[in-house]
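Dear colleague,

I am passing on the structure below, and after it I set out what was found. Please read the notes alongside the model.

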Amino acid sequence: MSWTVIARQDWALTVGERSTKYLLGLLGFVVVVTAYVYPLGGPGPHTTGRFAGTVHGSLTTLVPIVGVLLGYNAVVSERESGALRLSLSLPHSRADVVFGKFLGRTAVVAVALVAALAVAGFLVVYPFGELEPLRYLVFVVFTVWFAGIWTGIGIATSIAAATKRRALVIALFVFFVFVMLWDTVDSGVTLLLNFLDLVDGELPDPLQFYFGLEPGRVFGRLTDGFVDPSATVEGAWYLSEWAALVLFALWLVGPLGLAYRRFARRDLA
């Protein structure tokens with residue numbers, strides 16, 4: 001299992017970088033501060049399940065940028081330096097390299113998230129909050145899964161691009177479209193269709209499904225459906241939290257799998 005060797009090496013390399021510490025420190029700081037402020041923000045009950053519905057909005061912005069910035073240079077930097085060809089001359093396949101780096105870098109983000117959410121859960125519960133252990137555990141799993149999706153997207157750009165600069169541009173473009181622009185386009189389409197009297201208030205279910213394909217919105221539906229007792233998921237069956245669970249799985253394997261197909265046939269010279 002040579003991918004485990006690569007995963008351990010990549011873990012050590014990633015953890016040792018100063019930029020990684022800054023990114024993960026910012027992520028953890030926002031989660032913990034949100035937990036500290038949450039009980040002060042309004043009437044109860046204050047539970048870890050409801051806190052998940054509060055903090056997931058910050059996570060849908062911060063986790064993607066952390067994931068793509070950790071992932072975009074995972075492979076392409078070694079390709080530019082020639083280290084990738086040296087690795088492949090050892091008993092490592094291209095699949096070992098990609099899978100090992102995905103696991104190593106996702107594990108770095110996952111450890112930081114689990115630690116931050118553990119501290120956050122304590123702050124929510126102490127002294128007057130309520131722990132909902134199963135709901136909160138599910139939320140932690142979904143959050144780590146979400147981090148894996150965006151780290152995978154970053155690594156997908158790293159194996160699809162020929163240079164480090166191009167990989168960074170593609171990764172930031174994907175982040176900008178899905179995280180910064182997607183809600184604006186959704187709101188614009190909604191306003192336009194309402195102005196034309198084609199809809200009354202909300203988009204029809206098929207369009208809601210289309211705009212809901214964005215990973216952060218899938219994460220939000222999972223949080224609303226499985227974690228936050230104060231939230232509800234409405235609409236057609238394909239807008240349910242169970243359909244979102246399938247989409248979440250596809251986001252985890254899809255981008256990286258498609259990029260790997262190209263990488264596996266590519267000449268690295």
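In what follows, Lys and Arg count as positive and Asp and Glu as negative, while His and the chain ends are not counted, and the place of a charge is taken as NZ of Lys, CZ of Arg, CG of Asp or CD of Glu. On that basis the protein chain carries 19 positive and 19 negative side chains, and the centres of the two sets lie 18 Å apart.

Please note that this is a predicted model, in which local features need pLDDT of at least 70 and side-chain atom pairs count only at pLDDT 80 or more, whereas totals for chains, interfaces and linings use all residues. Residues are numbered from 1 along each chain as its sequence is written, and side-chain values use heavy atoms, with hydrogens and water left out.

As for the aromatic rings, those of Phe, Tyr and Trp (its six-membered ring) pair if their centres lie within 6.5 Å, and planes under 30 degrees apart count as stacked, over 60 as edge-to-face and the rest as tilted. This rule gives 22 aromatic pairs. The rings of Phe122 and Tyr126 are stacked, because their centres are 5.6 Å apart and their planes stand at 5°. Phe178 and Trp182, by contrast, form an edge-to-face pair, with 5.4 Å centre to centre and 65° between the planes. One aromatic cluster is formed by Tyr136, Phe139, Phe142, Trp145, Phe146, Phe219, Phe226, Trp242 and Phe248.

Finally, the C-alpha trace of the protein chain spans about 60 × 50 × 30 Å along its principal axes.
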